Amino acid sequence: MTLLLSGLGMVITLMVDVESNVIGSQNVNAAGTNRKHILDVDVLSEDEILNILDQTDAMSEVLRRDIKKVPALRGRVIVTLFYEASTRTRISFEEAGKILSADVINMSSSGSSVDKGESLLNTGLTLQAMGVDVIVVRHPYSGAPNLLAKHLPKVSIINAGDGLHAHPTQALLDAYTVRSKLGSLKGLKIVIVGDVLHSRVARSAIWAFTKLGAEIVLSGPNTLMPVGLNLVDGRANVLPPVSVQPDLDDAIRGADVVMALRLQNERQNGGYLPSLREYIRRWQITKDRLSSASKEVLVMHPGPMNEGIEISTEVAHGGRSLIEEQVTNGVALRMALLYQVSAGGYQIEEEHPNGQ
Amino acid sequence: MKRAFGVMNQHKVMNDQDVRRALARISHEILERNKGTDDLIMVGLYTRGVTIAQRLSENIQKFEGTIVPVESLDISLYRDDVQLRIAQPIKPTTLAADISGMKVVLVDDVLFTGRSIRASMDSLQDFGRAKEIQLAVLVDRGHRELPLRADYVGKNIPTSLEEQVRVRLIETDGTDDVVIVRSGDGNNSNG
């Protein structure tokens, strides 16, 4: 308890400058508009993010049609390669690809040659040899999509979540969802609550939200706040400036958006929390707590939810909840990204990430 | 630099009055051929086709007193060269859900290879079975690659493939005219 209280009111800054030119040159093409890969949000400029959100707008119109099918990606092959369980991300990519008329093949590690010990890289090379155009990959190891991007010159890679590193499509769809409700993220106070330390969703969301001008406050047990940051690709895995406010009631005051993170089962028994009951009492998003936020406060959750743990059932399905809209928008956002990485036959060899 | 191709290597083939008169004539032709505005809808192709469609609709309102709805169509997702081009920004299509039984006037600024029009007709099919699809363009520059023709043409302008036809409108470009540019970076020649 004392450990948790010790950080009360503390505001720290997690900022280290990024050598954006090194990373940014990695996968931007000659025209500077199309990316061949979507590996994380941190390399995207504000303009690029806004452009993706605008494209998502156009794609949502397709989703609202009676006939939800356009021929844009006819003849393209997309593989969803998932080494971890997923419902919404995977289905959402599959639906997005199919609406754009691509052929989508789902592959999971269990039941494939991965069970026989095939390496990620060899699996990737096999898929490339089969003429696959886009691989959507989720992997428990941070940096796995970067590895594929580096070694598969003919394939576009989209990161669907890698280890503790990044989940760019979730972050972008969250940014889109907030923007579609509030018009812009500039000056918004967005509170991210829970296990930020192990959350790739939080890490990418922090990038996306701050690039669009929002102020981020993290709240949760001190043991689950990011302090010792992991490394990807040998570069510092850093974050833009954020505040940490362990007391949720303080953090939530005046907030425009509150985003709850999933408290993963292994954290519940992993020595990070004194007890689940204490977590629920101090960090669950409840209706009472939201009363001190902005009147129009929006509640988000990347899913899957532990209702009754990080978020109360009442809030999860209440009028302020954007959780279902997040899922709908996820399809449109992924359509925009699949379209972007697939278009543009002028992507040339030298723009391909081949180390720095 | 007073040659036919001036400083910018371009010359004007329609001025603001030419554009205004051409659009007025097309508006009359649309009314004449369709015997009024019943079941008529204008669908403009982004970007300048939408503007022209709006002007035609305004003209028709002036001449006939009835309002022809104008919708916008983005055909990026229907192009046959998605993998050959850098992704162009897609704009939201505003077409109402069902055009079944309607007479659709597609409107574009320049008719060139005909591929945009083919794509737009594919797209229209997804919004219902139109009774009829007609095509209005401000400029027909030739070089068709598909068996298509326009029903209403502002001006036929013979061009060479090295040239680009640029339609400029007050709403998007601050001026009303049509210029031919030689091997510049015109962005408006792919009608």
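These legends walk through a few close-up views of a two-chain predicted model.

**Before you look.** This is a predicted model, so local features need pLDDT of at least 70 and side-chain atom pairs count only at pLDDT 80 or more, while totals for chains, interfaces and linings use all residues. Residues are numbered from 1 along each chain as its sequence is written, chains are lettered from A and ligands numbered from 1 in the order in which they are written, and side-chain values use heavy atoms, with hydrogens and water left out.

**View 1. The two chains at a glance.** Chain A has 14 helices and 11 strands, and chain B has 4 helices and 8 strands; helices (H or I, at least four residues) and strands (E, at least two) are DSSP runs, numbered from the N terminus. Read from its N terminus, chain B goes β-α-β-α-β-β-α-β-β-β-α-β. Of the 356 residues of chain A, 59% count as buried, and for the 191 residues of chain B the figure is 52%. Here buried means under 20% relative accessible area, exposed over 50%, and partly exposed in between (1.4 Å probe, protein chains only). Chain A exposes about 14100 Å², with 51% supplied by carbon and sulfur atoms; chain B has about 8900 Å² of accessible surface, 48% of it from carbon and sulfur atoms. These areas come from the Shrake-Rupley method with a 1.4 Å probe, and for residues only the protein chains shown count as cover.

**View 2. The largest nonpolar core.** This one has 90 residues, and those with the most contacts inside it are Leu100(A), Ile192(A), Leu338(A) and Leu77(B). Helix α14 (residues 323-342) of chain A gives the most to this core, with 9 residues. Domain 1 (2-17 + 168-326) and domain 2 (21-164 + 328-343) of chain A both contribute residues, so the core lies between them; the domain bounds come from an automatic or database domain assignment. A nonpolar core, for the record, is a set of buried Ala, Val, Leu, Ile, Met, Phe, Trp, Tyr and Cys residues joined through side-chain atoms within 4.5 Å.

**View 3. Zooming in on Leu77(B).** Setting aside neighbours within four places in sequence, Leu77(B) is in contact (heavy atoms within 4.5 Å) with Met59(A), Val62(A), Val70(A), Pro71(A), Ala72(A), Leu100(A), Tyr339(A) and Ile90(B). There is also a second, separate core of 27 residues, which includes Ile30(B), Val107(B), Val139(B) and Ile180(B).

**View 4. The parallel sheet of chain B.** Five strands make an open sheet in the order β3-β2-β4-β5-β6 (chain B), with parallel pairing; two strands pair if DSSP finds at least two bridges between them. At the edges sit β3 (70-73) and β6 (152-156) of chain B, each pairing on one side only. From one strand to the next, the twist averages 25°. Strands β2 (residues 40-45) and β4 (residues 103-111) of chain B share 5 bridges in the parallel sense, and Gly44(B) has Val107(B) as its bridge partner in β4(B).

**View 5. Helices on that sheet.** Helix α2 (residues 48-64) of chain B packs on the sheet, touching β2, β3, β4 and β5 (132-140) of chain B, and its direction makes about 150° with that of β2(B). Helix α3 (residues 115-125) of chain B lies across β2, β3, β4 and β5 of chain B, at about 155° to β4(B). The axes are lines fitted to C-alpha atoms, for helices over the stretch in contact, and angles run from 0 to 180 degrees between N-to-C directions. While you're here, find Val110(B) in strand β4 of chain B: Val110(B) counts as buried because its relative accessibility is 0%.

**View 6. The antiparallel sheet of chain B.** This open sheet has 3 strands, in the order β1-β8-β7 (chain B), with antiparallel pairing. Its edge strands are β1 (10-14) and β7 (163-168) of chain B. β7(B) and strand β8 (residues 177-182) of chain B pair over 6 bridges, with Val165(B) partnered by Ile180(B) in β8(B). Helix α1 (residues 16-34) of chain B lies across β1 and β8 of chain B, running at about 40° to β1(B).

**View 7. A covered strand in chain A.** In strand β1 (residues 77-82) of chain A, 5 of the 6 residues are buried. β1(A) runs parallel to strand β2 (residues 103-108) of chain A, joined by 6 bridges, and Val77(A) stands opposite Asp103(A) in β2(A).
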